[in-house]
Amino acid sequence: MAEQKSSYGYEDLLACSRGDLFGPGNAQLPAPPMLMFDRITEISETGGEFGKGFIRAELDIKPDLWFFPCHFPGNPIMPGCLGLDAMWQLTGFFLGWLGEEGKGMALSTGEVKFKGMVTPSVKRVEYGVDFKRVMRGRLVLGIADGWLKADGEQIYKATDLKVGLSKQEAA
């Protein structure tokens, strides 16, 4: 496994998507264009809203991002599901960063609330995931709450994000 750092740049995230950061068969991020952040600005096993660790990341919004022309023509917005997926991506990254083994998979979320939109006029999206619990056993499970801010204003909130790492191969 790579050195455990407190922040990660874009090249580190690409290495994670290739399976190079946490080792073969372990947590990976998706490759672009599904990688939904440009950098992880802070990650810690302690602190956060529940005192059980947190991760923060950012995405620079550019008007030519792949989803704007198709969602929706004439009224471009980032699909809300991509913001939710970014929170799942970060939850899985955290589990790999802790040194846990296995392939990541989003399992569920409790409640998601949207009170704004990410449009091409937004400059930066910030994500935050605060861990409530990390279970370590045959299945490693992270449970967390997450949020998305557009230019500093929180517009998404998700509770009980659940991501697991499984050491078993998919059928």
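This is a predicted model: local features need pLDDT of at least 70, side-chain atom pairs count only at pLDDT 80 or more; totals for chains, interfaces and linings use all residues.
1. Overall architecture. The protein chain is made up of two helices and seven strands, and, read from the N terminus, these elements follow the order α-β-β-α-β-β-β-β-β. The radius of gyration is 15 Å, close to the 16 Å that the globule rule gives for 171 residues, so the chain is as compact as a globular protein of that length. Along the principal axes, the C-alpha atoms fill a box of roughly 45 × 35 × 30 Å.

2. Of the 171 residues in the protein chain, 46% are buried. Among contacts with a separation of 6 or more, 67% are between residues 24 or more positions apart. The chain exposes about 8400 Å², of which carbon and sulfur atoms supply 52%.

3. Helix 1 and what follows it. Helix 1 covers residues 10-17, and within this helix Leu13, Leu14, Ala15, Cys16 and Ser17 are buried. The buried residues of helix 1 pack against strand 1 (39-44) and also against helix 2 (80-97). Just after helix 1, Gly19 takes a positive phi of about 90°, and Gly19 is a position the reader may wish to view together with the charged pair discussed in point 5.

4. Charge in general. The protein chain carries 19 positive and 22 negative side chains, and the centres of these two sets lie 4 Å apart.

5. An exposed pair. Arg18 and Asp20 meet through their side chains in a salt bridge, with an N to O distance of 3.1 Å. Both partners are exposed, Arg18 as well as Asp20.

6. A pair between strands 5 and 2. A salt bridge also joins the side chains of Arg124 and Glu58, at 3.8 Å from N to O. Arg124 belongs to strand 5 (residues 124-135) and Glu58 to strand 2 (residues 54-60), so this pair ties together parts that are 66 residues apart in sequence. The two partners fall into separate accessibility classes: Arg124, with a relative accessible area of 35%, is partly exposed, whereas Glu58, at 14% relative accessibility, counts as buried because the cut-off for that class is under 20%.

7. A pair between strands 5 and 6. Lys132 forms a salt bridge with Asp145, and the closest N and O atoms of this pair are 3.1 Å apart. The pair links distant parts of the chain, since Lys132 sits in strand 5 and Asp145 in strand 6 (residues 139-150), 13 residues apart. Lys132 is partly exposed, its relative accessible area being 26%, while Asp145 has 7% relative accessibility and therefore counts as buried.

8. Ser166. This residue lies in strand 7 (residues 153-166). With a relative accessible area of 18%, Ser166 is classed as buried, because the value falls under the 20% limit. When residues up to four places away in sequence are not counted, Ser166 touches Gly102, Lys103, Met105 and Leu139.

How values were computed
Residues are numbered from 1 along each chain as its sequence is written. Side-chain values use heavy atoms; hydrogens and water are left out. A salt bridge is a side-chain nitrogen of Lys or Arg within 4 Å of a carboxyl oxygen of Asp or Glu. Buried means under 20% relative accessible area, exposed over 50%, partly exposed in between (1.4 Å probe, protein chains only). Helices (H or I, at least four residues) and strands (E, at least two) are DSSP runs, numbered from the N terminus. Contact means heavy atoms within 4.5 Å. The radius of gyration is taken over C-alpha atoms; the globule rule is 2.2 Å times the number of residues to the power 0.38. Accessible areas come from the Shrake-Rupley method with a 1.4 Å probe; for residues, only the protein chains shown count as cover. Lys and Arg count as positive and Asp and Glu as negative; His and the chain ends are not counted. The place of a charge is taken as NZ of Lys, CZ of Arg, CG of Asp or CD of Glu.
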